[in-house]
Amino acid sequence: MADNDSFDTSHPAALAHHSAIRSIQRVVAETAPLQDANIASAGILRLLRETRPLVLTGAGVSTDSGIPDYRGPNGSLVRHRPMTYQEFRHDPKARHRYWARSFVGWRHMDRARPNRAHEILASWAASGLIAGLVTQNVDGLHAEAGAADVVTLHGDLDIVRCLDCGATEARASLDARLAAANPGYLDAVRVAPELVNPDGDVTLDQAWVDRFVMAPCLVCGSLALKPDVVYFGENVPEVKKSRARELAAAAGSVLTVGTSLAVTSGYRFVLDAKAAGKPVGIINGGPTRGDAKADYRWRSDVASALAWLDARVRGSASR
């Protein structure tokens with residue numbers, strides 16, 4: 001298995017792999033007319049003031065922190081196809097390639113810091129303005145901004161799990177061991193920060209992949225280590241889905257921010273809200289899969305939109 005999408009069709013994981021590829025390649029097109037920004041912004045402000053929405057975030061919240069999104073005009077999918085879970089789990093060569101590339105890219109992710117959008121959402125959660133915060137991002141920036149009880153639907157890059165024995169290790173600890181096993185590697189390989197993908201992966205020449213030495217699990221010695229994130233083709237853990245559903249049930253609406261909703265695990269929140277008769281608001285820089293379902297569609301830069309809303313919500317609270 002490699003970046004050319006090949007996968008042994010006789011393998012039982014082949015169907016799941018190809019389904020994951022279709023999800024990655026999903027094109028999010030315009031499905032509803034653009035809504036007047038004044039109507040959309042006023043409607044979303046009303047949701048915040050009156051309904052305590054559940055907020056679902058995506059990669060567009062972290063772009064101002066230097067982390068690219070997936071499907072935007074400059075998104076990482078233009079140059080890079082993420083590895084599926086089936087590739088990672090069943091192909092040691094693909095797994096080795098991931099770790100070589102991630103060893104270089106992760107430090108760019110680790111240096112990323114919360115931006116104003118993260119800070120605003122953390123303040124809304126702390127004040128009880130929203131019913132909860134669910135994110136599809138794996139960068140940990142919501143928590144770093146001070147948001148408590150964030151449901152990290154797709155996991156956290158800061159944790160590594162052994163696929164054989166289940167042991168976990170902090171990513172910073174593994175990174176130190178990888179640095180010791182690969183002296184001089186990072187000094188020799190230079191990658192522009194803008195080429196780092198949302199999962200911390202970068203593109204490396206095969207010669208650098210071959211030179212890379214992987215560090216084993218501290219408990220069982222296996223090389224089958226995986227970042228504790230949900231890959232394309234992998235199911236969201238039931239405990240996370242259950243907690244997110246609890247928050248959604250307690251919310252009076254759903255507000256999605258910075259996500260195209262291309263992945264079903266996120267789009268499901270829009271579908272469930274509509275089935276329950278709850279309004280839906282969307283803030284995103286481009287089209288989303290949920291536009292035709294949304295009551296309010298604000299096509300806007302995420303940080304600017306949240307700042308506009310925050311100023312008015314705080315103004316209402318002070319009166």
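**Exercise 1. Determine which residues Ile-44 touches, not counting residues up to four places away in sequence, and where Ile-44 is found.**

Solution. Step 1: with contact taken as heavy atoms within 4.5 Å, Ile-44 touches Leu-255, Gly-281, Ile-282, Ile-283, Tyr-296, Trp-298 and Leu-309, residues up to four places away in sequence being left out. The model is a predicted one, in which local features need pLDDT of at least 70, side-chain atom pairs count only at pLDDT 80 or more, and totals for chains, interfaces and linings use all residues. Residues are numbered from 1 along each chain as its sequence is written, and side-chain values use heavy atoms, with hydrogens and water left out.

Step 2: Ile-44 belongs to helix H2 (residues 37-50); helices (H or I, at least four residues) and strands (E, at least two) are DSSP runs numbered from the N terminus.

Step 3: Leu-255 lies 211 residues from Ile-44 in sequence, and their C-alpha atoms are 7.9 Å apart in space.

Step 4: the relative accessible area of Ile-44 is 0%, so the residue is buried (under 20%; exposed is over 50%, partly exposed in between, with a 1.4 Å probe and protein chains only).

**Exercise 2. State which residues the UniProt annotation "binding site" covers, and whether Cys-162 counts as buried or exposed.**

Solution. Step 1: according to the unreviewed UniProt entry, the annotation covers Cys-162, Cys-165, Cys-217 and Cys-220. These residues span 59 residues in sequence, yet no two of their C-alpha atoms are more than 8.8 Å apart, so they gather at one spot. UniProt positions follow the numbering used here, feature names are shortened, and annotations may be inferred rather than shown by experiment.

Step 2: Cys-162 is in strand E4 (residues 155-162). Its relative accessibility is 3%, so Cys-162 counts as buried.

Step 3: Cys-220 is in the loop between helix H9 (206-211) and strand E6 (225-229). At 40% relative accessibility, Cys-220 counts as partly exposed.

Step 4: beyond neighbours within four places in sequence, the contacts of Cys-162 include Cys-217 and Cys-220. Cys-220, with residues up to four places away not counted, touches Cys-162, Asp-164 and Cys-165.

**Exercise 3. Identify how the residues of the lining of the largest cavity divide.**

Solution. The lining residues divide into six nonpolar, four polar and three charged. Here Ala, Val, Leu, Ile, Met, Phe, Trp, Tyr, Cys and Pro count as nonpolar, Asp, Glu, Lys and Arg as charged, and the others, Gly among them, as polar. A cavity is a set of points on a 1 Å grid over the protein atoms alone where a 1.4 Å probe fits but cannot get out, and lining residues have an atom within 4 Å of a point.
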